[in-house]
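Here are a few notes from my pass through the model. Have a look at it first, then read on.

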Amino acid sequence: MAEDGGGGWFPPMDLFRSEPMHLVQLIIPIESVHSTISYLGDIGLIQFKDLNADKSPFQRTYASQIKRCGEMARKLRFFKDQMSKAGTTWSLKPNILADIHLDDVELRLGELEAELIEINTNNEKLQRSYNELTEYKLVLIKAGEFFKAAQTSATAKQREFSSNKLPAESLTIPLLKDDESENDLSKQVKLGFLTGLVPKEKAMAFERILFRATRGNVFLRQAPLEEPVVDPTSGQKVQKNVFAVFFSGERVKSKVVKISDAFGANRYPFAEDLGKQSQILKEVSGRISELKMTIHAGLLHQGTLLQKIGEQHEHWNQVVRKEKAIYHILNMLSIDVTKKCLVAEGWSPVYATKRIRHALRKAAIDSSSQVGSIFRVLHTKKLPPTFFRTNKFTESFQAIVDATGVARYQEANPGVYTVVTFPFLFAVMFGDWGHGICLLLATLYLISKEKKFYGQKLGDIVEMTFGGRYVILLMSLFSIYTGLIYNEFFSVPFQLFGPSAYACRDDSCRDATTIGLIKVRDTYPFGVDPVWHGTRSELPFLNSLKMKMSILIGVAQMNLGIILSFVNALYFRNSLNIWFQFVPQMIFLNGLFGYLSLIIIAKWYTGSKADLYHIMIYMFLSPTDDLGENQLFNNQKTVQIGLLLLSLIAVPWMLFPKPFILKSQHNLRHGDIDEYELLEDIDNSLHGEANVDSEGDHEFEFSEVFVHQLIHTIEFVLGAVSNTASYLRLWALSLAHSELSAVFYEKVLLLAWGYNNVVILIIGIVVFIFATAGVLLVMETLSAFLHALRLHWVEFQNKFYGGNGHQFRPFSFQLLGNEDEST
């Protein structure tokens with residue numbers, strides 16, 4: 001239907017209309033269904049419908065297979081995490097191997113996971129033992145120093161007593177003694193002790209709590225370690241202190257043990273005898289050496305295993321993701337148990353029919369099915385999805401259009417015109433061929449690194465810039481073009497296309513005004529004459545030029561939008577939209593703003609000094625008054641009156657006829673006429689109105705239709721004024737860009753040059769480069785991009801673009817995300 005409507009009027013364009021689609025039904029034997037879905041996923045040209053929407057995911061036939069694939073995906077994520085921790089690189093490109101069955105993958109992944117978990121468990125135990133022995137060794141060294149210091153102190157006191165002629169005493173004399181204790185050995189107290197390590201940040205609190213809990217009946221010695229040690233429990237490096245607590249009695253010992261446990265202190269046994277200390281230290285050092293060798297061997301074994309996994313990881317990952325996607329699709333199919341087949345429905349492009357049939361035949365042959373799959377086209381009134389065939393150049397432009405909404409099925413696609421109009425409107429605001437060259441060089445770098453950057457994670461901003469590299473390419477080329485028209489290279493004019501057409505009458509004319517200029521040559525062949533730059537008349541001249549140019553561009557683009565609404569109406573055979581939407585809209589817009597564009601061109605052509613503001617204002621206030629010196633052509637007043645009357649007539653023309661005609665058609669549709677013709681009208685109206693429900697008919701409400709048409713009319717009438725004014729942003733941003741560039745050039749670069757100082761000049765150049773790059777090449781680029789985006793979305797597309805379609809999302813293995821799916 002829609003194809004026929006557009007066949008005789010316009011040549012086929014890949015982007016102008018979405019691909020013709022049809023609803024297809026596949027009846028697939030159950031023995032070949034897996035192969036069939038796999039081949040259809042390879043070609044990626046069917047969007048399957050969910051025929052089991054009333055069932056929950058757990059009630060579907062292949063829920064267990066999806067769960068099984070999810071478990072395998074979890075194992076693959078586990079392997080990836082282990083490879084990341086171990087620093088093992090893995091291949092991002094799958095190895096070209098023979099097809100592997102999912103059962104073999106599941107068995108292999110299970111074996112590898114069990115082996116890797118066992119290796120990790122053993123390594124963790126060995127590492128914990130190694131860390132404990134390392135701490136124990138440090139305790140032996142530091143605590144041994146405590147006891148050696150005490151031994152040295154006792155020896156010194158013994159010598160002191162000997163020199164005072166005290167009787168010779170053993171070194172085992174208690175530090176605290178009295179006369180009774182010397183005589184009664186049963187009253188001598190033997191002190192116990194505990195040694196270990198406590199985190200340095202908790203050492204003061206540990207000492208304080210010990211003192212309070214034991215009422216000061218302990219003696220604590222601490223020594224900080226020079227280097228942090230790995231804690232056996234947490235596996236993190238921690239700064240610790242070695243401590244030795246001396247106490248008396250089992251009750252105090254119990255308190256010390258509980259407090260040390262509460263503070264996360266690790267306790268280690270310690271021998272009081274110096275000989276045993278050296279023996280234990282030697283044994284611990286030997287065990288540490290053995291554990292180090294064992295741990296190293298275990299890590300080598302783990303690295304070898306992870307290297308083998310890394311070689312096949314991407315291949316296994318693709319197999320699992322592919323199988324999971326296949327079972328997701330199989331869950332959307334309807335199962336006919338009696339006939340041993342599955343029924344699938346989905347949308348596909350018409351051009352893909354041969355490829356789909358070929359995939360069905362190939363799947364039947366590969367699965368040795370005795371019955372082939374059946375392919376049927378279903379007739380439906382439902383609105384098909386929208387599908388545009390794009391390439392890497394056009395996809396970013398299409399994405400700009402789709403950001404506001406996906407086009408309705410086969411309506412005119414603004415993406416075709418956006419390829420040219422978007423970079424052009426950007427360039428009007430960004431016109432400077434020096435800045436354009438900078439953008440071009442940056443874009444060419446991105447394009448040259450296309451293969452390297454594609455598929456990599458580049459960060460949000462860089463990835464967005466890389467995705468729009470071809471948009472920026474055209475933006476830079478158009479900026480060079482408009483910069484040549486404005487004759488600005490970093491705000492500096494050049495006589496690229498010949499000398500200026502004007503010369504000064506005397507030496508003071510440049511400093512005063514352009515009145516002192518006389519024309520001595522032919523008109524400057526391309527762009528703005530460089531003589532205007534630097535004069536007092538530069539700003540008024542460029543303001544007038546750019547403002548009028550913005551209006552001309554805006555009116556032209558809005559007319560293009562209205563013409564595209566005519567193209568849509570003609571394509572879908574909607575005569576109501578042609579006569580009661582397109583015609584009055586063209587009359588109203590061009591009767592006012594088309595006429596404004598005409599007198600702008602006429603003023604340029606004739607060189608008249610007519611006041612265009614006066615002409616347009618008094619066209620409404622006093623249309624019959626004499627124009628006087630503002631007259632640009634003969635019979636101008638008559639033309640203005642006629643255009644004003646047509647514009648006034650166009651408003652009720654848009655408002656009243658269409659709702660009443662729709663009401664009349666509705667009454668006829670539900671009258672006693674042929675039902676076959678009614679169905680055809682309904683089918684045609686599907687494409688003619690954006691608000692028609694594609695799933696069925698709703699009851700006609702005249703009040704709703706009339707209010708909708710009233711809103712549409714008011715929106716267009718007011719929008720014609722506001723949208724035209726909105727295009728003045730082209731003038732405003734172009735002026736702002738030019739003035740900012742001039743400020744950076746004159747107030748930074750030239751000012752630094754005037755000091756005749758190399759240091760100041762270098763500083764000025766650096767400031768100029770950073771200001772140009774940061775403000776003009778980044779902020780101004782983003783600003784002009786957003787304003788061009790708004791002009792397309794609001795001022796251009798609202799004239800014809802419905803944007804209420806839905807995207808064609810085919811089942812394709814190429815579209816499967818690279819990120820891991822959650823279980």
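1. Terms first: buried means under 20% relative accessible area, exposed means over 50%, and partly exposed is in between (1.4 Å probe, protein chains only). By that scale His806 is partly exposed, because its relative accessible area is 33%. Keep in mind that this is a predicted model, where local features need pLDDT of at least 70, side-chain atom pairs count only at pLDDT 80 or more, and totals for chains, interfaces and linings use all residues. Residues are numbered from 1 along each chain as its sequence is written, and side-chain values use heavy atoms, with hydrogens and water left out.

2. His806 sits in the segment after α25 (helices are DSSP runs of H or I, at least four residues, and strands are E runs, at least two, numbered from the N terminus). What does His806 touch? Leaving aside residues up to four places away in sequence, the contacts (heavy atoms within 4.5 Å) are Leu383, Pro384, Pro385, Thr386 and Val406. Phe387 lies 419 residues away along the chain, yet its C-alpha atom is 9.0 Å from that of His806.

3. Helix α25 itself covers residues 758-796 and includes Ile762. Ile762 is partly exposed, because its relative accessibility is 49%.

4. Strand β3 (residues 192-199) is another story: seven of its eight residues are buried. It runs antiparallel to β7 (residues 240-247), with eight bridges, and Val198 has Asn241 as its bridge partner there. Three bridges also join β3 to β8 (residues 266-268), again antiparallel, with Gly196 opposite Arg267.

Note on methods:
Pairing = 2+ DSSP bridges.
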